[in-house]
Amino acid sequence: MRPDIRLLREAMEATWPPARRFNYECWTIREGLGGGKRVSAATLRGNWNAENPDAAVSQMAGLGQRPLFMVWEGEGPLDNALAELGYRQVDPVNAYACALRSLPKVEISVPAMAVWEPLAVQLDIWRDGNIGAERIEVMRRVQGLKTSFLGRCGNSPAATLFVAIHNDISIIHALQVRDGFRRAGMGRHLTLAAARWAERRGAKYLSVLCTTANEGANALYDSLGMKIADRYHYRIKEETRLK
């Protein structure tokens, strides 16, 4: 059992929001303030009908952002048009989802502490994974129920993540495990800890986003019985780069 795609996409945005979002012609434009692709990309509103993306490009340029488009699964005409205009595909993403009640009922054998705001050691772990201050600000912008988790292996801080709830969908973001602890089951235990936190607060579903290139994370979510509920990727000009 998985959430409705439209509601899932709404939850993705609400639990990892841009600094500003507005509609312009047939596009939704996002101002990311350095928070990464997902909060900086333009998306199509409605169906593609051969609109030129120049309107979106001009708006992104006005924000000091490079032209970047997020393309959802099922938006083939838009995807083909952007490809013909020289936008290359980057970072395809799997959106996993499942009912919280379907997750394994196993003991969480590592200490996992919910804390908001994040502790300095969590910021260090995220920074080591290239999740810097701009992405922490994305977390701070989230309205509603949210927290972070710190996981320890022995006496050592080993992993962290952020989780938030929108309607009845909880979404995990920014799961980061420190080098040296990646085969200790930290990602699995912290994911389950976050899921139980969300279920106690009334959520019905859990989702997590993962690039297709991250084989370890994809294997983790598959092992938990989560299924791919949605997909998207980005289109960006060959000569541009965006972290």
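Student: Which residues lie nearest the centre of the second largest pocket?
Tutor: First, a word on the model: it is predicted, so local features need pLDDT of at least 70 and side-chain atom pairs pLDDT 80 or more, while totals for chains, interfaces and linings use all residues. Residues count from 1 along each chain as its sequence is written, and side-chain values use heavy atoms, without hydrogens and water. A pocket here is an open set of points on a 1 Å grid over the protein atoms alone, where a 1.4 Å probe fits, with protein on both sides within 12 Å along at least five of seven lines; lining residues have an atom within 4 Å of a point. Of the 17 lining residues, those nearest the centre are Arg9, Glu13, Arg21, Arg30 and Trp72.

Student: Which element gives the largest share of the lining of the second largest pocket?
Tutor: Helix H1 (5-14), E1, E2, E3 and strand E4 (68-72) each supply at least two residues; helices (H or I, at least four residues) and strands (E, at least two) are DSSP runs, numbered from the N terminus. The largest share is five residues, and they come from H1.

Student: How do the residues of that lining divide into nonpolar, polar and charged?
Tutor: Ala, Val, Leu, Ile, Met, Phe, Trp, Tyr, Cys and Pro count as nonpolar, Asp, Glu, Lys and Arg as charged, and the others, Gly among them, as polar. For the second largest pocket, that gives six nonpolar, three polar and eight charged.

Student: What is the strand order in the open sheet of three strands?
Tutor: Two strands pair if DSSP finds at least two bridges between them. E2 (residues 27-31) and E3 pair in the antiparallel sense over two bridges, and threonine 28 has threonine 43 in E3 as its bridge partner. The pairing in the sheet is antiparallel, and the order is E1-E2-E3.

Student: Why is one side of E1 and of E3 left without a neighbour in the sheet?
Tutor: Strand E1 (20-24) and strand E3 (43-44) stand at the edges of the sheet. One side of each is left without a neighbour because each has a single partner strand.

Student: Is serine 40 buried or exposed?
Tutor: Serine 40 is found in the loop between E2 and E3, and its side chain reaches the backbone oxygen of glycine 36 at 2.7 Å. Buried means under 20% relative accessible area, exposed over 50%, partly exposed in between (1.4 Å probe, protein chains only). With a relative accessible area of 7%, serine 40 is buried.

Methods. Polar contact = N/O pair within 3.5 Å; in protein donor to acceptor, adjacent residues only side chain to side chain.
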